[in-house]
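Subject: Structure handover

Hello,

Here is the structure I said I would pass on. My notes follow it, grouped by topic.

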Amino acid sequence: MSITRRKAVEDVVHQNDAPPADGTADGSAGAQTASEGRLRQNLQARDLIGFGIGIVIGTGIFTLTGLQAKENAGPAVMVSFLIAGFVSLLAALCYAELAAAVPTAGSSYTYAYTTIGEVFAWVIAWDLVLEFALGAAVVARGWSGYLAGVFELPDRWFAEEGSVVNVGAIGIVLVLGWVAIRGIRESKWLTNGLVVIKVSICVFVIAVGAFHIRPENLVPFVPPAEPSSDGTAEGIRAPLWQFISGVEPTQFGIAGVLVAAAVVFFAYSGFEAVANLGEETRKPARDMPLGLLGTIGICTVLYVGVCLVVTGLVDYRDLSESDAVADVFDQVGLEWAGLLIGIAAVAGLTSVILVDLVAMGRIGFALARDGLLPPVVGRVHPRWGTPVLMTGVTVGAVALLAGLVPISVLAEMVSIGTLFAFVVVSIAVVVLRRTSPDMPRPFRTPLVPLVPVVAVVCCLGLMASLAVETWLRFLVWLLLGFVVYFGYGHRHARLAHQHGREDVRDARP
């Protein structure tokens, strides 16, 4: 049985023709318990953009802005966000073609399954589990930090520094996990409401902060490169390209801007969650491209504007590493604005955690449907229409990570996982253009193969700017994934049984 067997595109498209998860035409009642049902189609383009903004605007802008400006890029952190946004746009164009043509809960996992084979699809799915689980944990810790700042809660249980077990992070994950389990409609309502608050506060930051920018804080725009002062970028902590080339690890300069771009890429990583909602979208051919591209465009504009204000109000060396956006307003005497921003950040980060948890359930649903995980993992609740067990297991794991593992370790792991997934999706567009040239494509990625190739090169470049230790952790996670695949998934996959029946028929006289 080949590990590169591929799932037919037609099978993926028509698997969405099954009855809804509760066994009825409209999803209003029923008692189906198998995992084969389809997820309920409740989403439109505006909902997809809401989910996209809900997951993209979060810790990346409220926390990583100050951290990366202070450690790597200075005021040029806005260039880092532009670079990350450009790479995300290239990937989004590739995602848009596949998501419109093959709407599925599996996103890049399913795209890989139809193009380069099962084992690569499993690697991507395993990678997505890492991306969304760690992403939710990162944001939960950021949420807890902002909550502590607003209400002056004890650092021992809520702050990023000084806490052994982050109780605030654990608590918010458990609460939002219950919302994710109850259903996509409830998640949609909560997410859209929080997105309104989050976008409003970003506009507020830009509008109010613009009147208090001090030009001298933006000079030098790209601080000159200097040796790493505290040894944090030496040895396996150095970026991969510096480790391989033997170049002395540095902070700031052009290299620092690229390192910051690779880390803040985490801020864009969530838009892939939109592609996981294809089966729950009423008109995916039209709405998926709008949802993906609209998310990237809106978020990039807001990111750059907020970065300009944050580094313009305060010297980058004086930025807070945990709540930079609120803290800069405190430093310039606008405490009332800082308090308002802190409250809005708590609300905004809430939506990121929720969308991550929702996306994780859909990945498990897709894997169980294909037999790569036990069917019970993807079983859909007859009333709520959600994969309850997968979502519940995810919530438990994320709560544990959020309570114990620091943000700095988690964020880079999310970035490398996301970039790797983007590489596979970009390759999948080119492969499907050759293997399925007649497949209906409501949206077509422009300038193929140029755009996908540039996307691959840019993603690999950003991956090379991540620390060697991040690469080592990523490889360990992939090896663990191979153990699960060869121990269970390869033998129990639906394609394995299909191929087995075909082999029996071929052997008959």
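Starting with the second largest pocket: its lining has 25 residues, and those nearest its centre are Val129, Leu130, Ala133, Ala397 and Trp477. The elements contributing two or more residues to that lining are α7 (118-151), α16 (335-369), α17 (388-404), α18 (407-435) and α20 (468-492). Helix α7 supplies the largest share, seven residues. By class, the lining of the second largest pocket comprises 23 nonpolar residues, one polar and one charged. The space in this pocket comes to about 480 Å³. Please keep in mind that this is a predicted model.

Next, helix packing. Two packed helices are described by the angle between their axes and the distance between the axes. For α5 (residues 77-101) and α14 (residues 284-313), the angle is about 175° and the axes are 9 Å apart. Angles over 145 degrees count as roughly antiparallel, so α5 is roughly antiparallel to α14. The contact of α5 with α14 has 22 nonpolar and four polar residues, and no charged ones.

Then the salt bridges. Side chains of opposite charge can pair when their charged atoms come close. A search of the whole structure gives eight salt bridges; I describe some of them here.

- Glu97 and Arg433: the closest N and O atoms are 2.8 Å apart. Glu97 belongs to helix α5 and Arg433 to helix α18, so this pair ties together parts that are 336 residues apart in sequence. Glu97 and Arg433 are both buried.
- Glu216 and Arg214: the closest N and O atoms of this salt bridge are 3.0 Å apart. Glu216 is partly exposed, at a relative accessible area of 45%. Arg214 is also partly exposed, with 46% relative accessibility.
- Arg473 and Glu469: this salt bridge has an N to O distance of 3.6 Å. Both residues lie in helix α20, four residues apart, which is about one turn of the helix. Arg473 has 33% relative accessibility and counts as partly exposed.

Salt bridges with shared partners also join Glu97, Arg433 and Arg441 into one network.

Last, the backbone. Most residues other than glycine have a negative phi, and most peptide bonds are trans. Where does this model depart from that pattern? The following cases are ones to look at.

- The Val219 to Pro220 peptide bond is cis, with omega near -5°. Pro220 sits in the loop between α10 (184-209) and β1 (226-227).
- The Val448 to Pro449 peptide bond is cis as well, with omega near 10°. Pro449 is in the loop between α18 and α19 (450-464).
- Leu447, a residue other than glycine, has a positive phi, near 55°. Leu447 is likewise in the loop between α18 and α19. Its relative accessibility is 60%, and exposed means over 50%, so Leu447 counts as exposed.

Helix α18 itself carries Arg433, the partner of Glu97, and gives two or more residues to the lining of the second largest pocket.

Regards

Terms used. Residues are numbered from 1 along each chain as its sequence is written. This is a predicted model: local features need pLDDT of at least 70, side-chain atom pairs count only at pLDDT 80 or more; totals for chains, interfaces and linings use all residues. Side-chain values use heavy atoms; hydrogens and water are left out. On a 1 Å grid over the protein atoms alone, a cavity is a set of points where a 1.4 Å probe fits but cannot get out, and a pocket is an open set with protein on both sides within 12 Å along at least five of seven lines; lining residues have an atom within 4 Å of a point. Grid points are joined across faces, edges and corners, and a volume is the space filled by probe spheres set on the points. Ala, Val, Leu, Ile, Met, Phe, Trp, Tyr, Cys and Pro count as nonpolar, Asp, Glu, Lys and Arg as charged, and the others, Gly among them, as polar. Axes are lines fitted to C-alpha atoms, for helices over the stretch in contact, and angles run from 0 to 180 degrees between N-to-C directions. Angles under 35 degrees count as roughly parallel, over 145 as roughly antiparallel, 65 to 115 as roughly perpendicular and the rest as oblique. A salt bridge is a side-chain nitrogen of Lys or Arg within 4 Å of a carboxyl oxygen of Asp or Glu. Buried means under 20% relative accessible area, exposed over 50%, partly exposed in between (1.4 Å probe, protein chains only).
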